[in-house]
Amino acid sequence: MWPYFPDLLARPVPRYTSYPPATQFTDKVNAGAQAEALNSVVSGTPISLYAHIPYCQSICWYCGCNTGAAGRTQRLHAYLEALEAEMAMVAKMLGGRGKLQRIAFGGGSPNAIEPVAFVRLVDRLVTTFGGNNPDISIEIDPRAFSLEWAMTLAIAQVNRVSFGVQSFEPEIQAAIGRIQPVEMIETCMASLRARGIHSINFDLMYGLPHQTNESLLGTLDHVARLRPSRIALFGYAHLPHIFPRQKRIDAAALPGIEARFEQAAIGFERLVSEGYVPIGFDHFALPDDSLAIAAAEGKVRRNFQGFTDDQSDVLIGFGASAISQFPDRIIQNEKNPGAYREIVGAHRLAGSRGLLRDADDQIRAARIEHLLCSGHADASCLLAEPASMASLHQLEERRLVVRDGSFIKLTEAGRPYARVVAALFDSSLPELGTGSLAA
């Protein structure tokens with residue numbers, strides 16, 4: 001379905017969950033900038049909250065998240081105490097000026113903690129930040145799920161649950177250190193649906209060890225039967241030099257770049273044929289899901305959680321490595337859980353690195369986001385840049401984009417190359433970047 005251009009696929013470009021990307025973070029932008037941003041929030045500003053639980057009951061070999069084994073109960077308790085202390089500090093600085101819209105729990109595995117501890121966190125967030133029935137979502141490890149957790153999520157009024165599935169094929173599960181039979185996922189979903197939680201997401205992967213077109217389609221057969229509300233189909237990134245746990249994966253068993261591309265195309269075609277609406281380049285949603293509705297209305301956004309229908313411009317992160325995003329800055333908390341606890345224990349904000357976004361950055365961010373989410377963007381700035389125009393012309397020749405006056409639009413063939421096209425607006429990539437957009 002899609003044309004195969006290996007030179008474009010091999011080009012290193014960010015995933016653009018933010019702009020400038022996280023590779024530009026510096027420790028010169030830290031807790032001081034975080035405090036300035038919190039103190040500058042205007043009354044009535046819609047805000048979303050994210051709480052990071054950097055622990056799992058068992059560690060999967062493929063994982064690139066900031067997480068570690070849950071281990072000692074006392075360590076979890078100490079972390080949760082620090083998390084609540086950080087929430088209290090931030091809430092005091094906001095002074096009730098934010099209007100809470102959403103709460104998301106990620107990790108790691110938020111269900112690595114006790115259900116009662118989760119209920120306490122939800123209560124603290126809603127009470128402290130004055131939420132009025134906010135949308136609440138959580139990422140769940142099916143292997144640590146239970147009937148008690150299903151009841152807990154219903155009591156806490158959680159709206160959406162995301163399951164890390166990756167693949168239903170036993171050979172692949174063994175190769176990535178994540179054994180979870182399809183019956184386990186079926187039981188989890190049935191427990192949630194019986195308690196009124198119907199918005200369920202699956203995270204899937206292609207490019208996994210021993211994965212073939214046939215095994216991917218086998219997984220998608222189960223997906224079609226189970227009918228989750230949303231699906232994210234990610235390509236596995238093998239980076240053992242950054243994530244040592246990935247050394248346990250047999251690199252020789254990984255599909256090559258062309259096979260990965262074919263798997264992405266097969267996954268796209270199958271999910272669309274099952275009635276899922278494609279969102280961006282790797283998300284899918286049923287037509288009645290809020291993400292698909294947002295796509296139809298041109299309201300899809302992109303942040304560190306991927307493609308979303310969250311319209312808040314202020315996202316406040318809690319916990320080790322959590323990221324807070326404001327219009328003019330992005331700040332990440334201290335990554336190490338132990339160091340994070342010490343910082344918060346000293347009654348200090350945990351922001352340790354980040355970046356400031358000037359007017360030019362914000363314009364670029366908006367155009368990149370619009371291109372990735374809606375498939376088109378104002379490219380008038382590129383028309384005055386010879387190098388960018390040369391790159392744009394090459395993409396036009398390959399029929400990946402079309403131009404309509406000052407706007408560029410991704411073609412269907414250009415969908416898997418969306419990030420390459422977005423890189424035209426990226427000044428941090430000299431070979432593709434442009435001059436000042438504010439000029």
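This is a predicted model: local features need pLDDT of at least 70, side-chain atom pairs count only at pLDDT 80 or more; totals for chains, interfaces and linings use all residues.
Some join residues that are neighbours in the numbering. Asp-123 and Arg-124, for instance, meet through their side chains at 3.6 Å, N to O. Asp-123 is partly exposed, because its relative accessibility is 41%, and Arg-124 is likewise partly exposed, at 31%.

A further salt bridge connects the side chains of Glu-297 and Lys-299 at 3.8 Å, N to O. Glu-297 has a relative accessible area of 48% and therefore counts as partly exposed; Lys-299, at 43%, is partly exposed too. The pair Asp-328 and Arg-329 meets at 3.1 Å, N to O. Here Asp-328 is partly exposed, with a relative accessible area of 31%, whereas Arg-329 is buried, since its value of 10% falls under the 20% limit for that class.

Salt bridges may also be linked to one another. Arg-102, Arg-160, Arg-230, Asp-289, Asp-309 and Asp-310 form such a network.

Attention may now turn to the second largest pocket, whose volume is about 400 Å³. It is lined by 22 residues, of which Arg-301, Arg-302, Gln-325, Arg-357 and Glu-369 are the closest to its centre. Strand E11 (301–303), strand E13 (314–318) and helix H12 (359–374) each give two or more residues to this lining. The largest share, five residues, comes from H12. By class, the lining contains eight nonpolar, eight polar and six charged residues.

Finally, the surface carries a nonpolar patch formed by Leu-147, Met-151 and Ile-155, with about 300 Å² of accessible area together. Ile-155 belongs to helix H5, residues 147–155, and is classed as exposed because its relative accessibility is 63%.

Note on methods:
Residues are numbered from 1 along each chain as its sequence is written. Side-chain values use heavy atoms; hydrogens and water are left out. Patches are made of residues with over 30% relative accessible area and no salt bridge: like charges are joined within 9 Å, nonpolar side chains (Val, Leu, Ile, Met, Phe, Trp, Tyr) within 5 Å. Accessible areas come from the Shrake-Rupley method with a 1.4 Å probe; for residues, only the protein chains shown count as cover. A salt bridge is a side-chain nitrogen of Lys or Arg within 4 Å of a carboxyl oxygen of Asp or Glu. Helices (H or I, at least four residues) and strands (E, at least two) are DSSP runs, numbered from the N terminus. Buried means under 20% relative accessible area, exposed over 50%, partly exposed in between (1.4 Å probe, protein chains only). On a 1 Å grid over the protein atoms alone, a cavity is a set of points where a 1.4 Å probe fits but cannot get out, and a pocket is an open set with protein on both sides within 12 Å along at least five of seven lines; lining residues have an atom within 4 Å of a point. Grid points are joined across faces, edges and corners, and a volume is the space filled by probe spheres set on the points. Ala, Val, Leu, Ile, Met, Phe, Trp, Tyr, Cys and Pro count as nonpolar, Asp, Glu, Lys and Arg as charged, and the others, Gly among them, as polar.
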